[in-house]
Structure formats: C-alpha cells, structure tokens
Amino acid sequence: MEITSKIIVVGIAILHIYILWLEMFAWTTTGKKVFKTFPKDLFEPTKAMAANQGLYNGFLAAGLIWSLLISDDIWSKNIALFFLGCVLVAGLYGAYSASKRILLIQGLPALLGIFAILLKI
C-alpha cells in the first residue's frame, strides 16, 4: 500500500477510535456536546446502545490497523478495502438515517481511502 493510502487509513482508524471512546466512555458527558441535536434527556437511557455502537466502531478501527500490519501487499490492500467499504456503508446509512453530516465525517474519508488504494497513491 502506498504512503498516501496508509495515511488516510491511519486517519480513519484514529477517527473510529475517537468515536469508540465517545460512544463507550463519554456518551453522557462529551457526547452531549458533540451530538447537540440529540435530546439531552435520552443520553442516560441510551448509554448501553451507544456503547454497543462504539464497540462496532472499534472493530472498524481494529480492521484498518490490522490492514497496515499485514506484510503481503495484496492482502493488506484487500483487508483495507473491506474495512473502508464497511466504513463507507456505515457513513451512507448514517447519512440516510441520522444526519447528512455523517456522510462527510465517515463516508467521504472512506471513499478517499478506497480511491487512494485503487489508484495506488
């Protein structure tokens, strides 16, 4: 995988580690500041649901980090493409179901990562 592709993958992995932290450990504190349109009275009752979502974001980050640790270039690219595809689908669904902003935060970086890998940059 080329250096630009790796930088994008690392950036997306870091983003998903942040989302993991936010949803699993800071949902009722920092989450209120980040998700301003979400009703404040629902943060506590949705704490377990948010933690579950955070765990899934952690799995995305783990897969992206794993792709960087694979020495075989073909496998590294394939694993990265798979997890970037998962992030893209999550971004598309989030834009459809929750907020268009999710498409910019998750979907667009994933799409850039996919293009960077396929274009070998």
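**Helix packing, pockets and ring pairs in a predicted model**

Good morning. I begin with helices α1 (3–25) and α3 (residues 47–69), which pack at an angle of about 160°, with their axes 8 Å apart. This is a predicted model, in which local features need pLDDT of at least 70 and side-chain atom pairs count only at pLDDT 80 or more, while totals for chains, interfaces and linings use all residues. Residues are numbered from 1 along each chain as its sequence is written, and side-chain values use heavy atoms, with hydrogens and water left out.

A word on terms. Helices (H or I, at least four residues) and strands (E, at least two) are DSSP runs, numbered from the N terminus. Axes are lines fitted to C-alpha atoms, for helices over the stretch in contact, and angles run from 0 to 180 degrees between N-to-C directions. Angles under 35 degrees count as roughly parallel, over 145 as roughly antiparallel, 65 to 115 as roughly perpendicular and the rest as oblique.

α1 and α3 are therefore roughly antiparallel to each other. The contact of α1 with α3 divides into 16 nonpolar, 6 polar and 2 charged residues; here Ala, Val, Leu, Ile, Met, Phe, Trp, Tyr, Cys and Pro count as nonpolar, Asp, Glu, Lys and Arg as charged, and the others, Gly among them, as polar.

How do α3 and α4 (residues 73–97) cross? Their axes come within 8 Å and cross at roughly 160°, and the two helices are therefore roughly antiparallel to each other. α4 in turn packs with α5 (101–118) at an angle of about 155°, the axes being 8 Å apart. That makes α4 roughly antiparallel to α5.

I turn to the spaces. On a 1 Å grid over the protein atoms alone, a pocket is an open set of points with protein on both sides within 12 Å along at least five of seven lines, a cavity is a set where a 1.4 Å probe fits but cannot get out, and lining residues have an atom within 4 Å of a point. The largest pocket has a volume of about 1,000 Å³, a volume being the space filled by probe spheres set on the points, which are joined across faces, edges and corners. Of its 27 lining residues, the closest to the centre are Glu 23, Phe 35, Gln 53, Ala 98 and Ile 102. α3 gives the largest share of this lining, 6 residues. By class, the lining of the largest pocket has 16 nonpolar, 8 polar and 3 charged residues.

There is 1 cavity of 30 Å³ or more. The lining of the largest cavity comprises Met 1, Glu 2, Ser 5, Lys 77, Ala 116, Ile 117, Lys 120 and Ile 121, that is, 4 nonpolar, 1 polar and 3 charged residues.

Finally, the rings. The structure holds 8 aromatic pairs. The rings of Tyr 56 and Phe 59 have their centres 6.2 Å apart and their planes at 80°, so this pair is edge-to-face. Rings of Phe, Tyr and Trp (its six-membered ring) pair if their centres lie within 6.5 Å; planes under 30 degrees apart count as stacked, over 60 as edge-to-face and the rest as tilted. Tyr 56 and Phe 59 both lie in α3, 3 residues apart, about one turn of the helix. Elsewhere, ring pairs link Trp 27, Phe 35, Phe 38 and Phe 43 into a cluster. Thank you.
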